[in-house]
Amino acid sequence: MEQQITIHKSVLLEEVVKVLDPQKEQVVVDGTLGGGGYTEAIRKRLENTGTIIALDRDPKMLGYTREKLEEGTSKTTIIFRNENFKNLRELLKKEQQGKVNSVVLDLGFASDQLLAGRGFSFQKDEPLLMTYSDEEAPVKEKLQELSETQLAEIIASLSDERYAKQIAHAIVNAEKSITTTRELVEIIKQAVPKNYERGRINPATRTFLALRMYVNHELEDLEKLLKDIPVIVKPGGVVAIVTFQSTEDRIVKNYFREYKQKGIGDLITKKPISPSEREVRENPRARSAKLRAIRMN
């Protein structure tokens with residue numbers, strides 16, 4: 001297999017492991033394997049026992065990380081599956097695993113994906129796909145199907161982009177079909193003020209985020225998993241979720257609050273845990289991360 005250098009750093013790693021508190025013989029689900037940071041740390045805590053079910057919807061990422069993790073000598077069982085975490089309930093039934101002790105999700109975008117050549121980066125000129133596999137319709141096709149109103153709503157609701165209407169208008173009225181990231185970036189730049197966010201971020205940042213979340217159904221997938229928690233996790237088990245975007249965090253907060261009110265779970269984090277100043281200095285991508293966790297009854 002072709003080698004890949006894993007550049008992704010797991011965010012809030014120590015904090016996640018602390019709230020999960022993995023114990024010997026437990027079954028833990030890492031629903032967003034990525035570069036394997038959480039799984040590696042959890043495996044150490046399981047001390048050659050237990051099982052980790054490691055999921056990733058990107059088959060290439062799963063393959064790279066699996067190869068890296070299988071180089072170790074740990075006796076902890078890791079079940080690798082090319083699967084979306086939204087299907088965890090069905091997967092556990094298929095694997096005859098029953099309820100698990102804990103689940104962790106990192107909803108951030110793995111840095112390694114920027115190397116995938118699928119149009120995730122606005123700093124490269126690549127085909128405008130933004131999907132994790134070829135099974136989903138790419139962004140370049142979706143942009144031809146959406147109306148200006150629909151596109152503006154997607155950009156605004158998923159990224160809080162205040163120039164969503166102007167950007168959507170420019171995209172829909174482009175002279176030709178937009179098929180590459182560079183073409184999309186240039187259209188966005190022309191649609192927003194010259195001093196956009198005072199130069200703090202690239203004008204395409206929020207639009208790329210919104211389109212990625214939309215085309216991969218990320219919010220729908222999150223809600224499906226959250227609804228299934230009571231039938232997936234054992235009493236006393238923990239669910240820990242790291243979000244990077246306000247809409248995602250609000251969904252997680254509301255579900256956890258509802259479970260607490262119904263007596264289904266107890267909040268471990270009454271307020272979200274954020275990265276330390278040191279972590280943000282070492283990994284600027286962590287700055288917007290928020291960790292919430294709940295213990296099921």
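## Ground rules

Two strands count as paired if DSSP finds at least two bridges between them. Helices (H or I, at least four residues) and strands (E, at least two) are DSSP runs, numbered from the N terminus.

What you're looking at is a predicted model, where local features need pLDDT of at least 70 and side-chain atom pairs count only at pLDDT 80 or more, while totals for chains, interfaces and linings use all residues. Residues are numbered from 1 along each chain as its sequence is written, and side-chain values use heavy atoms, leaving out hydrogens and water.

Let's start with E1 (residues 27-30). Val27 and Val29 point one way and Val28 and Asp30 the other, yet all are buried (under 20% relative accessible area, 1.4 Å probe, protein chains only).

E1 runs parallel to E2 (residues 51-55), with four bridges joining them, and Val28 sits opposite Ile52 there. To get from E1 to E2, the chain passes through helix H2 (residues 37-46) in a right-handed β-α-β crossover (clockwise from the first strand over the helix to the second, with the strands pointing away from the viewer). E1 also runs parallel to E4 (residues 100-106), joined by three bridges; here Val28 faces Ser102.

## The nonpolar cores

A nonpolar core is a set of buried Ala, Val, Leu, Ile, Met, Phe, Trp, Tyr and Cys residues joined through side-chain atoms within 4.5 Å. The largest one has 62 residues, and Leu184 is among the members touching the most others. Helix H10 (residues 218-232) gives this core its largest share, six residues.

Apart from this core lies another, of 25 residues, including Leu20 and Ile52.

Conventions. Buried < 20%, exposed > 50% of the residue type's maximum accessible area, 1.4 Å probe, protein only.
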